[in-house]
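Hello,

Here is the structure I promised to pass on. Please have a look, then read my notes below.

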Amino acid sequence: MLHDRVLVRTDIEEGERRSSGGIVIPATAAVGRRLAWAEVVAIGQHVRTVEPHDRVLYDPEDRAEVEVRGVAYVLMRERDLHAVAAERLQGSDDSTGLYL
């Protein structure tokens with residue numbers, strides 16, 4: 001990985017899904033602009049805020065997909081990340097482990 005690039009593996013949620021109220025939402029339903037979660041797989045040498053195995057929030061419309069050994073990944077710049085969730089950030093009682 002070069003510079004400020006981050007390689008992530010997406011959480012694939014294809015097909016039907018259920019709302020919190022139990023309503024089935026078909027895969028063909030149009031969803032507005034929605035951010036997605038992914039797991040960081042690799043980072044470049046100039047990335048400062050995330051580490052491998054962190055979960056990050058990103059915009060799926062602003063992405064570049066790449067396939068490595070038959071597995072699909074998303075390649076993006078660190079500045080395109082919207083939030084980071086990591087176990088290492090949950091140090092104090094008032095910490096949520098999530099930062100923007």
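**Strand pairing**

Four bridges link β4 with β5, and the two strands run antiparallel. Within this pair, Glu39 sits opposite Arg55 of β5. β4 also pairs with β1, again in the antiparallel sense, over five bridges. There, Leu7 faces Ala42 in β4. Please keep in mind that this is a predicted model.

**The chain as a whole**

The protein chain has nine strands and zero helices. Read from the N terminus, the elements go β-β-β-β-β-β-β-β-β. The chain has 100 residues, and 23% of them count as buried. Take the contacts with a separation of 6 or more: 59% of them come from residues 24 or more positions apart.

**The core**

Which residues make up the largest nonpolar core? There are 12: Val6, Val8, Ala38, Val40, Val47, Val50, Val56, Tyr58, Val74, Met76, Leu81 and Val84. Five strands each supply at least two residues of this core: β1 (5–10), β4 (36–43), β5 (55–58), β7 (71–77) and β8 (81–85).

Val84 counts as buried because its relative accessibility is 4%, under the 20% cut-off. Thr49 is 35 residues away along the chain from Val84, and their C-alpha atoms are 8.2 Å apart.

**Asp54**

Where does Asp54 sit? Asp54 is in the loop between β4 and β5, the two strands joined by four bridges. Is Asp54 buried or exposed? Asp54 counts as buried, because its relative accessibility is 5% and the cut-off is under 20%.

A polar atom of the Asp54 side chain lies 2.9 Å from the backbone nitrogen of Glu51. Beyond its neighbours within four places in sequence, Asp54 is in contact with Ala38, Glu39, Val40, Thr49, Val84, Ala85, Ala86 and Arg88. Some of these names have come up already. Glu39 is the residue opposite Arg55. Thr49 is the one with its C-alpha atom 8.2 Å from that of Val84.

When you open the model, I would begin with Asp54 and its contacts, among them Val84.

Best wishes

Definitions and conventions:
Residues are numbered from 1 along each chain as its sequence is written. This is a predicted model: local features need pLDDT of at least 70, side-chain atom pairs count only at pLDDT 80 or more; totals for chains, interfaces and linings use all residues. Side-chain values use heavy atoms; hydrogens and water are left out. A nonpolar core is a set of buried Ala, Val, Leu, Ile, Met, Phe, Trp, Tyr and Cys residues joined through side-chain atoms within 4.5 Å. Buried means under 20% relative accessible area, exposed over 50%, partly exposed in between (1.4 Å probe, protein chains only). Contact means heavy atoms within 4.5 Å. A polar contact is a pair of N or O atoms within 3.5 Å; within protein, one must be able to donate a hydrogen and the other to accept it, and residues adjacent in sequence count only if both atoms are side-chain atoms. Two strands pair if DSSP finds at least two bridges between them.
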